[in-house]
Protein chains: 4
Amino acid sequence: MQQFIPQNTNFKAMVEEKMELNHFMNHLGFKINKIEAGLIEGELNIEPHHRQQIGFLHGGVIATLADLVAGFAAYTLVKNEQTVVTAELKISYFNPGVGDTAFCRGFVLKSGQKLIFSEAEIFVNNNGQDIIVAKSSATFAIVELQKLI
Amino acid sequence: MQQFIPQNTNFKAMVEEKMELNHFMNHLGFKINKIEAGLIEGELNIEPHHRQQIGFLHGGVIATLADLVAGFAAYTLVKNEQTVVTAELKISYFNPGVGDTAFCRGFVLKSGQKLIFSEAEIFVNNNGQDIIVAKSSATFAIVELQKLI
Amino acid sequence: MQQFIPQNTNFKAMVEEKMELNHFMNHLGFKINKIEAGLIEGELNIEPHHRQQIGFLHGGVIATLADLVAGFAAYTLVKNEQTVVTAELKISYFNPGVGDTAFCRGFVLKSGQKLIFSEAEIFVNNNGQDIIVAKSSATFAIVELQKLI
Amino acid sequence: MQQFIPQNTNFKAMVEEKMELNHFMNHLGFKINKIEAGLIEGELNIEPHHRQQIGFLHGGVIATLADLVAGFAAYTLVKNEQTVVTAELKISYFNPGVGDTAFCRGFVLKSGQKLIFSEAEIFVNNNGQDIIVAKSSATFAIVELQKLI
């Protein structure tokens, strides 16, 4: 992992505050348990309503987790009066999401003046073994907060 | 829109049966209201728990809708003993999801022997006007059902 | 196709000037023959060195054409002192590039303050019939020229 | 890097034979200098005709290098009577390609029965320092050779 120097020493509190207000994330039950400059990790207890028709973790939940950890990883690197919005996200599905817990990691690859590029990896724990189910690459635009609201 | 000839005349019932079993889709409250060969349309009443911290429709919900309509559009074109799995999906976010109803359309661009390429468009109705919030391009792999289970 | 109002009435001359200086585009032999606000079309005579080992048009050439027409389509919509750089590009390959002429169309889907989203379609003419070989979706960042140089 | 067991012990000769016949790759002057199971590395001397209007390495050349190394990395893992075709490729551009030599690495992330997922990284050497200019994620379909020709 690359080392990034945050522009805002308060970035952990910024992420925590944003998490609390993120209705869909809280509704899913996703918990972030590591917040570092350019790096976010979290976990989801997979419940029946997170699954698709065959019982695998739904691809839309996986894409949501990818967006959350990749986006929060980007958000750790912006200034106090800035936020990030997802410009685009691509996700590749490697293996079916069979298991009861999902683990996700989002990390920044390039932090620019206007854009931040992050990746995310999503694993599912199946009988004690972590299997990678998906990998994502995304672009985030840095936005001045006063322009957004 | 391109015209496709379904390989299974029973494709509407196939989609309806699969929809009923899709826990995450039903949990979200997404309703499909048009099923044609290579084309799916549906709607979502946007509820508070579908939103992110600023009140916009969450990008993960949008990606889920894209995956559902693009994937079901692909599914209308496979044989009876086949299904599709998402190999990858890219989604670009054009405008914030401000409004109370989302409308989605998924359509196939190319239906091959092994892969089906679909796109999805997601609109949000804001004060009577449909605004495009995202567009997605995805690849689905055709899988023989007996190999999947 | 959506209608866009260019911010620079001189956009055709801007594109033509940029084309003349684009070494790789000229080296490939790609010719742009339509320049409108948010829309670019062009053609390539496919030569032996544009092909891969089986004789199909090389995927890298196709990606290059996609980047050129999608990027120039975006460029028609910026201000005089601005340019665009490709943030990311995704390309899906639908059919093998069998034939002697490629035709490409790039068009803008969303033109924002910081980002422009475009798509590109690439066709190859095989015995008088245009077959779509690829479709691309890309994000371009608007850059002030004085910051780039 | 993950370790992969090739299904064909002859994979190095397979790649070398395919390289010789790849007209566009040879026309560009790209040289592969490492061939391992699931891993390909190569170099390009950047010439004036590889550049765009500002003198940076053209994005289309970069996408071509990504497709070549990611695709050949996938190709090292297929059986003797099989080949791979690019289903889709996404490339993110992190930094301008300023310099005289490009170095590329392609590596497989997941090798399945029908699809292989690879990534590629492209660096440019500028005054002795390797700068990452782009990263790519791609999906390759495994094709039986007799079906292709």
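Copies are superposed by least squares on the C-alpha atoms of residues with pLDDT of at least 70 in both. The model shown is predicted: local features need pLDDT of at least 70, side-chain atom pairs count only at pLDDT 80 or more, and totals for chains, interfaces and linings use all residues. Residues are numbered from 1 along each chain as its sequence is written, and chains are lettered from A and ligands numbered from 1 in the order in which they are written.

**View 1**

**View 2. The fold of chain A.** Chain A holds 4 helices and 6 strands. Helices (H or I, at least four residues) and strands (E, at least two) are DSSP runs, numbered from the N terminus. From the N terminus on, the order of elements in chain A is α-α-β-β-α-β-β-β-β-α. The radius of gyration of chain A, taken over C-alpha atoms, is 15 Å, close to the 15 Å that the globule rule (2.2 Å times the number of residues to the power 0.38) gives for 149 residues, so chain A is as compact as a globular protein of that length. The C-alpha trace of chain A spans about 45 × 30 × 25 Å along its principal axes. Of the 149 residues in chain A, 52% are buried, that is, 20 or more other C-beta atoms lie within 10 Å of their own, with C-beta atoms placed from the backbone. Among contacts in chain A between residues at least 6 apart in sequence, 69% join residues at least 24 apart.

**View 3. The contact between chains A and B.** Chain A and chain B contribute 31 residues each to this contact. On the side of chain A that touches chain B, two or more residues come from each of helix 1 (11-21), helix 2 (23-28), helix 3 (59-75) and strand 3 (82-93) of chain A. Strand 3 of chain A gives the most, with 9 residues. The residues of this side divide into 13 nonpolar, 13 polar and 5 charged; Ala, Val, Leu, Ile, Met, Phe, Trp, Tyr, Cys and Pro count as nonpolar, Asp, Glu, Lys and Arg as charged, and the others, Gly among them, as polar. Strand 3 of chain A pairs with strand 3 of chain B in the antiparallel sense over 5 bridges, where pairing requires that DSSP finds at least two bridges between two strands. In this pairing, A:I91 stands opposite B:L89.

View 4. An open, antiparallel sheet of 12 strands runs in the order 1(C)-2(C)-4(C)-5(C)-6(C)-3(C)-3(D)-6(D)-5(D)-4(D)-2(D)-1(D). Its edge strands, each pairing on one side only, are strand 1 (31-36) of chain C and strand 1 (31-36) of chain D. Strand 1 of chain C is joined to strand 2 (residues 39-45) of chain C by 5 bridges, and the two run antiparallel. C:I32 stands opposite C:G42 in strand 2 of chain C.

**View 5. The contact between chains B and C.** Chain B and chain C give 9 residues each to this contact. The largest share of the side of chain B that touches chain C, 3 residues, comes from strand 6 of chain B. A rotation of 180° with 0.0 Å of shift along its axis superposes chain B on chain C, with an RMSD of 0.0 Å. The two copies are thus related as by a two-fold rotation axis.

Notes: Two residues are in contact if their C-beta atoms, placed from the backbone, lie within 7 Å. A residue is buried if 20 or more other C-beta atoms lie within 10 Å of its own, exposed if 12 or fewer, and partly exposed in between; C-beta atoms are placed from the backbone.
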